[in-house]
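Please look over the model below before reading on.

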Amino acid sequence: MAQHPTAESQHPRDRSRNILAAAATGVADFIAQTGGRPEAVFERIGIDASCLGETRRALDLADYVAMMEDAAQETGNDNFGLWFGQRYQPRMLGLIGEIALTAPTLGSAIEHLALWFPWHQQATETRLTRHDGLLRLEYRILDGSIVDRRQDAELTMGMFANVFRACLPSGWAPDMVLFEHARPAAWRDHEAAFDADVGWSQGTNALVFRDRGLDRAMPGADLPRLQRLTTDLAGVAGSCGTPAFLDLVRGEIRRRLSAGALHLEEVADALSTTSWTLQRRLAEFGATFSDLVEATRLDLAHHYLRQAHLPLGDVAFLLGYSEASAFSRAFARWSGCSPRHWRQRSLQATARS
């Protein structure tokens with residue numbers, strides 16, 4: 001069977017990207033409450049359960065994200081991250097949650113969250129932006145080697161929403177929620193959970209909200225404590241971190257695939273470099289831009305094909321193909337079989353396991 005090279009096969013995965021273990025506060029209890037065996041999840045992923053929830057210890061980010069995906073399978077709850085996130089209060093996050101809660105106003109809390117979150121969780125981008133009169137609190141993992149990450153995104157959007165709920169009157173809801181992953185089967189649960197419209201297959205994950213109530217005082221406002229907490233977070237994290245170079249390029253490619261034509265110049269600009277420099281650096285790793293586009297498409301194709309509710313035409317679109325036939329030909333070249341056949345085998349293997 002033909003094998004297409006992936007970025008991971010070209011170099012070992014960088015395991016230095018960390019997330020503070022406080023991010024996993026309560027996950028064992030929630031797995032158990034939803035019918036799963038937390039110890040089985042931790043054993044499969046290789047996570048030391050004794051550190052979960054600790055403020056000053058770290059987990060590998062890829063392992064943390066994989067834990068959430070495995071928990072969804074273990075519990076049979078495809079929306080595991082969504083519902084865990086709805087109950088995930090800011091204080092459970094440790095230092096970064098306390099930073100948001102002790103900010104003087106809600107606007108300040110959101111600004112601090114956007115600024116400091118990449119120190120709590122490395123290889124991550126968070127931004128507060130404005131589009132068409134609406135604000136967006138954006139979040140995405142920059143590391144393109146972390147492919148399956150839907151549960152983490154839905155959990156994080158729920159946690160971000162709970163920062164607003166900690167300050168604003170009961171009933172607050174964002175104007176919209178955006179997710180970078182494709183629409184899941186039980187997508188109406190997301191609209192109900194956030195009481196908002198939801199956009200799928202976006203360039204980033206984001207809460208979209210109006211510029212009102214941001215001057216409202218946070219209930220736990222404490223400026224001296226806020227300053228101590230930011231100093232502590234900087235000391236614990238050491239840096240906000242960036243992924244390995246190839247994984248960073250793959251992350252930018254992934255962000256743009258569904259938009260259609262993908263140009264090296266756009267990715268180089270996003271990485272604050274020139275096209276020539278990007279090509280030169282890729283060559284140093286024995287790779288080309290087209291190599292990484294193909295590898296990213298293959299990884300995402302496998303990811304989407306495991307989701308039985310997604311039509312093959314939608315999978316083709318998400319990978320940047322204008323026609324399903326073009327995707328089928330490319331997939332057969334990569335994998336030696338059709339996407340439909342690969343999906344059938346994958347779903348059968350999952351049913352047997």
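1. A term to begin with. A cavity is a set of grid points where a 1.4 Å probe fits but cannot get out. Keep in mind that this is a predicted model. The structure holds 3 cavities of 30 Å³ or more.

2. The largest cavity. Its volume is about 130 Å³. Its lining includes Glu180, Arg254, Arg255, Leu300 and Tyr304. Two elements, α11 (245-256) and α14 (289-305), each give two or more residues to this lining. By class, the lining has 4 nonpolar, 4 polar and 3 charged residues.

3. How do α11 and α14 cross? Their axes come within 10 Å and cross at roughly 65°. Angles from 65 to 115 degrees count as roughly perpendicular, and α11 and α14 are therefore roughly perpendicular to each other. The crossing of α11 and α14 is right-handed. On the α11 side, the contact is made by Leu246, Val249, Arg250, Ile253 and Arg254. On the α14 side, the contact residues include Phe289, Leu292, Val293 and Leu300. By class, this contact of α11 with α14 has 8 nonpolar, 1 polar and 3 charged residues.

4. Among the lining residues are Ile19, Tyr64, Phe117, His120, Asp152 and Met159. The elements giving two or more residues to this lining are α7 (106-120) and α8 (150-165). Which element gives the most to the lining of the second largest cavity? That is α8, with 4 residues. The class count for this lining is 8 nonpolar, 3 polar and 1 charged.

5. The largest pocket. Now turn to open spaces. The largest pocket holds about 880 Å³ of space. It is lined by 29 residues, and Glu69, Gln73, Asp148, His303 and Arg306 lie nearest its centre. Two or more lining residues come from each of α4 (61-75), α8 and α17 (339-352). The most come from α4, with 7 residues. The lining divides into 11 nonpolar, 10 polar and 8 charged residues.

6. The second largest pocket. This one holds about 160 Å³ of space. Trp187, Trp200, His309, Pro311 and Phe317 are among its lining residues. The lining divides into 8 nonpolar, 2 polar and 2 charged residues. Find Ser201 and Leu318 on the model.

Notes: Residues are numbered from 1 along each chain as its sequence is written. This is a predicted model: local features need pLDDT of at least 70, side-chain atom pairs count only at pLDDT 80 or more; totals for chains, interfaces and linings use all residues. Side-chain values use heavy atoms; hydrogens and water are left out. On a 1 Å grid over the protein atoms alone, a cavity is a set of points where a 1.4 Å probe fits but cannot get out, and a pocket is an open set with protein on both sides within 12 Å along at least five of seven lines; lining residues have an atom within 4 Å of a point. Grid points are joined across faces, edges and corners, and a volume is the space filled by probe spheres set on the points. Ala, Val, Leu, Ile, Met, Phe, Trp, Tyr, Cys and Pro count as nonpolar, Asp, Glu, Lys and Arg as charged, and the others, Gly among them, as polar. Axes are lines fitted to C-alpha atoms, for helices over the stretch in contact, and angles run from 0 to 180 degrees between N-to-C directions. Angles under 35 degrees count as roughly parallel, over 145 as roughly antiparallel, 65 to 115 as roughly perpendicular and the rest as oblique. A crossing is left-handed if the near helix is turned anticlockwise from the far one by less than a right angle, and right-handed if clockwise. Contact means heavy atoms within 4.5 Å.
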